[in-house]
Amino acid sequence: MQCTQCGSEQTQRLEVIYEQGTTTIRTQSTSVGAAGNGNFGAGTATTTTSGIQQTKLASRAAPPQRKSKVGGVCLLLLGIWLNWMGMHLNDTGWLMLPGMAALAGGFLLLQRATAYNRDVFPPLYRQWQASWLCHRCGCIYQYGQH
Ligand SMILES: [Zn+2]
């Protein structure tokens with residue numbers, strides 16, 4: 001697909017660049033340990049480290065992300081915990097005030113994340129899928145959305 005800026009043919013879809021530049025790595029390291037103390041024992045431990053390795057270009061071509069709901073869920077749990085303490089322990093009734101605030105904040109965060117993922121994220125993702133990168137001038141442009 002020709003670049004809209006410089007007319008170069010050296011272009012690729014962001015999706016392709018992202019997938020090619022992102023590799024999942026798994027490295028294994030083995031450590032050997034020995035224990036003395038009369039009876040001799042030796043054991044090996046294998047540690048597997050896995051992660052994602054990404055080229056600079058791939059991170060530039062990364063897709064938009066959905067909003068995480070972790071923060072909202074954590075606030076809700078905090079609110080439940082504060083309220084529980086406020087109800088069940090002596091002289092801690094005041095804890096229910098920050099507890100209620102945490103619950104309200106948690107609901108608000110969850111609601112905002114849900115609305116973002118439903119209304120804002122899909123068009124952003126579609127735009128990303130229709131985006132191309134020019135390897136000559138480095139610009140990112142959309143194709144097929146006009
Ligand atoms: Zn170009």
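**The zinc site and what surrounds it**

The site of the zinc ion is tetrahedral, with angles of 106 to 116° among its four donor atoms. Four donors get that label if all angles lie between 85 and 135 degrees. The protein donors are C3 (SG), C6 (SG), C134 (SG) and C137 (SG), and they lie 2.3 to 2.4 Å from the zinc ion. A donor here is an N, O or S atom within 2.8 Å of the metal (3.2 Å for Na, K and Ca); water is not among the atoms, so sites may look incomplete.

Before going further, the ground rules. This is a predicted model, in which local features need pLDDT of at least 70 and side-chain atom pairs count only at pLDDT 80 or more, while totals for chains, interfaces and linings use all residues. Residues are numbered from 1 along each chain as its sequence is written, and side-chain values use heavy atoms, with hydrogens and water left out.

Along the chain, its donors follow the spacing C-x2-C-x127-C-x2-C. C3 lies in the segment before β1 (11-13) and C137 in the loop between β4 (131-134) and β5 (140-142), so this pair ties together parts that are 134 residues apart in sequence. Helices (H or I, at least four residues) and strands (E, at least two) are DSSP runs, numbered from the N terminus.

Are these two cysteines buried or exposed? C3 counts as buried, at 4% relative accessibility, and C137 as partly exposed, at 40%. Buried means under 20% relative accessible area, exposed means over 50%, and partly exposed is in between, with a 1.4 Å probe and protein chains only.

How many disulfides are there? A search of the whole structure finds zero, a disulfide being a pair of cysteine sulfur atoms within 2.5 Å. Take C139: the closest cysteine sulfur to its own is in C137, 3.2 Å away, which is too far for a bond. C139 is buried, with a relative accessible area of 16%.

T11 is found in strand β1. It is buried, at 11% relative accessibility. Leaving aside residues up to four places away in sequence, T11 touches M1, C3, W132, L133, C134, H135 and Y141. Contact means heavy atoms within 4.5 Å.

**The overall layout**

Now the whole protein. Its secondary structure comes to four helices and five strands, and from the N terminus on the elements run β-α-β-β-α-α-α-β-β. Of the 146 residues, 25% count as buried. Among contacts with a separation of 6 or more, residues 24 or more positions apart account for 62%.

**The helices and their loops**

Helix α3 has 19 residues, which at 1.5 Å a residue should span 27 Å; the end C-alpha atoms are 27 Å apart, so the two agree. The expected span is 1.5 Å times one less than the number of residues. Which residues of α3 are buried? They are G72, L76, G79, L82, N83, M85 and G86. The buried residues of α3 pack against α4 (96-129).

K67 is partly exposed, with a relative accessible area of 44%. Its C-alpha is 7.8 Å from that of T114, although K67 and T114 are 47 residues apart in sequence. K67 touches A113, Y116 and N117, not counting residues up to four places away in sequence.

The loop between α3 and α4 is the place of D91. D91 has a positive phi of about 55° although it is not a glycine. It counts as exposed, at 74% relative accessibility.

**Salt bridges**

Last topic. The structure holds two salt bridges, each defined as a side-chain nitrogen of Lys or Arg within 4 Å of a carboxyl oxygen of Asp or Glu. One joins E15 and R13, whose closest N and O atoms are 2.3 Å apart. R13 is partly exposed, with a relative accessible area of 30%. In the other, the side chains of D119 and R118 meet at 3.2 Å, N to O. D119 is partly exposed at 48% relative accessibility, whereas R118 is exposed, with a relative accessible area of 55%.

Methods:
Tetrahedral: all angles 85-135°; square planar, octahedral: opposite > 155°, others 65-115°.
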